[in-house]
Amino acid sequence: MRSDFCAFILSHGRANNVRTYNLLRKCGYTGDIRIVIDNEDPTASEYFDEFGDEVIMFNKPFVANSFDPCDNQDNRKTIVYARNACFDLARELGYKYFIELDDDYYYFGMRKPNDSACYIYDLEAVDQEK
């Protein structure tokens with residue numbers, strides 16, 4: 001797998017149920033994975049216990065002040081903060097490319113030109129550079 005690419009899995013409060021991580025590995029993804037959590041997550045220690053160095057934490061209040069979420073609520077209970085944080089995290093970690101995934105995926109699939117659907121079982125086969 002490419003060394004300049006990473007799969008970010010965005011999560012909060014579900015350290016024991018990050019389904020996407022196992023799905024990526026089951027589907028043959030061999031590249032880097034980082035579980036992205038915020039510093040307001042009360043279950044942060046559980047993520048570090050489960051995933052160790054693959055967990056990366058961002059400062060949610062800092063990110064919240066870096067853009068306008070176009071929301072009149074002040075509870076920061078949306079994924080937009082983690083999504084925006086990934087750009088800086090990728091740069092800090094030296095990744096040129098990345099994908100952002102939610103933590104609850106249980107399959108990967110795609111539509112064919114004839115509009116039929118199929119499951120993807122081998123993510124490495126989908127890589128366009130091979």
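Predicted model: local features only at pLDDT ≥ 70, side-chain atom pairs only at ≥ 80, totals over all residues.

Visitor: How do you know that the span of H4 agrees with its 14 residues?

Guide: The expected span is 1.5 Å times one less than the number of residues. For H4 (residues 80-93) that gives 20 Å, and the end C-alpha atoms are 20 Å apart, so the two agree.

Visitor: Where is the kink in H4 centred?

Guide: On Cys86, with a kink of about 30°. The bend at a residue is the angle between axes fitted to the seven residues ending there and the seven starting there.

Visitor: Which residues of H4 are called buried?

Guide: Tyr81, Ala82, Ala85, Cys86, Leu89 and Ala90. Buried means under 20% relative accessible area, exposed over 50%, and partly exposed in between, with a 1.4 Å probe and protein chains only. What covers these residues of H4 includes E1 (5-10), E2, E3, H3 (60-64) and E4. In the protein, 36% of the 130 residues count as buried.

Visitor: Why does Asp115 count as exposed?

Guide: Its relative accessibility is 55%, so Asp115 counts as exposed. Asp115 lies in the loop between E5 (109-111) and E6 (117-119), and its phi is positive, near 75°, though the residue is not a glycine. Most residues other than glycine have a negative phi.

Visitor: What puts the buried residues of H1 on the same side?

Guide: The buried residues of H1 (residues 19-26) are Thr20, Tyr21, Leu23 and Leu24. They cover an arc of only 165° around the axis, which puts them on the same side of H1. The arc is that of the directions from the helix axis to the C-beta atoms. On the other side of H1, Asn22 and Lys26 are exposed.

Visitor: How do you know that the buried residues of H2 line one face?

Guide: In H2 (residues 44-51) the buried residues are Ala44, Tyr47 and Phe51. Down the axis of H2 they fall within an arc of 55°, so they line one face of the helix. They pack against H1, E2 and E3, where contact means heavy atoms within 4.5 Å.

Visitor: In what order do the four strands form the open sheet?

Guide: The order is E3-E2-E1-E4, with parallel pairing. E3 (55-58) and E4 (97-102) have a single partner strand each, so one side of each is left without a neighbour in the sheet. The twist averages 30° from one strand to the next. Two strands pair if DSSP finds at least two bridges between them.

Visitor: How many bridges join E2 to E3?

Guide: Four bridges join E2 (residues 32-38) to E3. One of the bridge pairs is Asp38 with Phe58 in E3.

Notes
Residues numbered from 1 in each chain as written. Heavy atoms only, no water. Helix = DSSP H or I, 4+ residues; strand = E, 2+ residues; numbered from the N terminus. Axes fitted to C-alpha atoms, helices over the stretch in contact; angles between N-to-C directions.
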